[in-house]
Structures are given as C-alpha cells and as structure tokens.
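Please keep the sequence and the coordinates at hand while reading.

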Amino acid sequence: MLSKSSKDIKINNREVYRYLGYGKNTPGEDMIAIIDSCIQDVISHSELRSTKERFTLRAAETEGEFYIGDLKIKSKALAKNLKGCKEVYLFGATIGVGIDRLIARAVVTDVTKAAIYQAIGAAYIEDYCDYINDEIDAIACKEGFVTRPRFSPGYGDLSLDYQSDIAGLLNLPKNVGISLSESKIMSPSKSVTAIIGLKDIDELSIDSMRKGNAMEKTLGETNMNDDANNSNHASEKCRFCDKVNCQFREK
C-alpha cells in the first residue's frame, strides 16, 4: 500500500477549469480566487492512498478474451490496448473520503462550491493516477519494457462489472479503504482502478525512449510512437472511451 502526502501531487488547474465547463478559456479573477481557495480545502482534507500489483497476461481461446492472472476478461478494446504484452499492473487509488464530505456540506450551503469541489476532485484523482503511472513507467523502463496507456473498467467495451474483480485481486477495502456498491460504484467517490500493460521494447532502445519522454515533458507534446511511453496519461483515457459526445472529452 502506497500513501502519499497530498502536498506531493500538484493539481492541474487547467483540468479543473475544463471540468467546470470553461474548455480552453480561463475563468475571471474572482472565480479563480474561489477555485484556488477550494483547491486548498480539498488538499487539506485529502488522504492519498494506492496499491498496485503485477500479474501475468495470457490469451484465451476466443479473440478478445484473455487472462490477467486467473481472471478471465472479455474486451476487444482492452485486448487491442494490451497487444504484445505479457504482464500488466493493476492499481487502485483514492484521494479519500474528505472530498465527499466537502461536497455534501457544500450542496447544502453553496452549490457553486459543490460543483467546484467535484471538478477539483476529478482533476486531483487523475493527477494522482498520473503520478502512479509515472512510477510504473520508471519500473518498466529499468526492466526493458514500455507501458501501454492505462485502461479502466467503463472504458470502451470493458464492463464496469470487472471493478469488483480488480477490487478483489488488490484487496482494495483492506489496503486502501475503497469499497464498491452493488452497482459497482466506488466509495470514496474519487477513486480509480486501472490496468497498465507492459510490453517489450523490441525495436525501441531504452535510450531513445528516455529521450522521447524527456522531449515530451519539455515540449508538452504527446509521443508520436503508439508503443512508446506517453507522458500525457490523462488524455489517453478519452482515446478509448466511446462517449464521443461527452462535454469533457479531450480532442
């Protein structure tokens, strides 16, 4: 189980604005001040916890089906994402129950703040997942692997029902305090489970991948090679989601 100080993860303000519906626009100064104050509230009330575990990956008899450990999964979209991988990481992460309490209080006293807390929580858990993703990237690089974009239940054709299977494999209730409702909704609400494939570098050298990642982080660009490590983890989720009309979809 990995715990991180909430001060170690920087919240991406642009993502908060996007979740609030501003798109590429910037809110006015008064609204920015309110958002910044709410961000400090969320940080001070958060407890970041995560757990991850590595599993073997093998194909099943039917196309689009495969095994992660002993768990059989059916998803053509995830099978495509994991093509060429022999191992995967599963992880679960949460920013804790504090955000839910802030939202519940604000719904009664200040609905604007409630919406802002929701947006901050959504951005914060994604930033935390990016942090975990980067840790897995570093492990993979040292071992001669590249990582595939992370993939969560609910993306594409991967059923949300697999949420409970992943929770069981990672023992999420005990390790990080994440529980599931009968409809597979996680509590605390700002929690995530994800799958990250590990693929042999093959024709890519570790040096060239490191140079590519350094350039991405410097220039803020996405990697042009689909099999290379992608530093822009957050934008990848939209690539595999079939909700093309979502107002939050990244272009």
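Two strands are said to pair if DSSP finds at least two bridges between them. By that criterion strand 2 and strand 3 (residues 65-68) are paired, with three bridges in the antiparallel sense. The model in which this pairing occurs is a predicted one.

The overall make-up may be set out before the pairings are followed further. The protein holds nine helices and nine strands. Its chain has 251 residues, of which 47% count as buried. Among contacts between residues at least 6 apart in sequence, 70% join residues at least 24 apart.

The pairing of strand 2 with strand 3 takes the form of a hairpin, with five residues between the two strands. Gly64 lies in the turn and has a positive phi of about 85 degrees. Within this pairing, Arg58 stands opposite Tyr67 of strand 3.

Strand 2, which spans residues 48-59, also pairs with strand 5; these two strands run antiparallel and are joined by eight bridges. Two positions may be located in the model: Thr51 stands opposite Gly92 in strand 5, and Phe55 has Val88 of strand 5 as its bridge partner.

Strand 5 (residues 85-94) in turn pairs with strand 9, again in the antiparallel sense, over nine bridges. Here Leu90 has Ile195 of strand 9 as its bridge partner, while the bridge partner of Ala93 in strand 9 is Val192. Because eight of its 10 residues are buried, strand 5 is largely enclosed by the rest of the structure.

How many of the 10 residues of strand 9 are buried? For this strand, residues 191-200, the count is nine, so strand 9 is likewise largely enclosed by the rest of the structure.

Attention now passes to a pair of helices. Helix 4 (residues 98-109) packs with helix 5 (residues 111-142) at an angle of about 160 degrees, and their axes lie 6 Å apart. Since angles over 145 degrees count as roughly antiparallel, helix 4 is therefore roughly antiparallel to helix 5. The crossing of helix 4 past helix 5 is left-handed. On the helix 4 side, the residues that meet helix 5 are Ile99, Leu102, Ile103, Ala106, Val107 and Thr109. Their counterparts in helix 5 are Val111, Lys113, Ala114, Tyr117, Gln118 and Gly121.

The cysteines complete the account. Are Cys38 and Cys141 buried or exposed? A residue counts as buried under 20% relative accessible area. Cys38 has 0% relative accessibility and therefore counts as buried; Cys141, at 9%, counts as buried because that value also falls under the cut-off. A search of the whole structure for disulfides finds zero.

Technical notes: Residues numbered from 1 in each chain as written. Predicted model: local features only at pLDDT ≥ 70, side-chain atom pairs only at ≥ 80, totals over all residues. Heavy atoms only, no water. Buried < 20%, exposed > 50% of the residue type's maximum accessible area, 1.4 Å probe, protein only. Helix = DSSP H or I, 4+ residues; strand = E, 2+ residues; numbered from the N terminus. Disulfide = S-S within 2.5 Å. Axes fitted to C-alpha atoms, helices over the stretch in contact; angles between N-to-C directions. Parallel < 35°, antiparallel > 145°, perpendicular 65-115°, else oblique. Left-handed = near helix turned anticlockwise from the far one by under 90°. Contact = heavy atoms within 4.5 Å.
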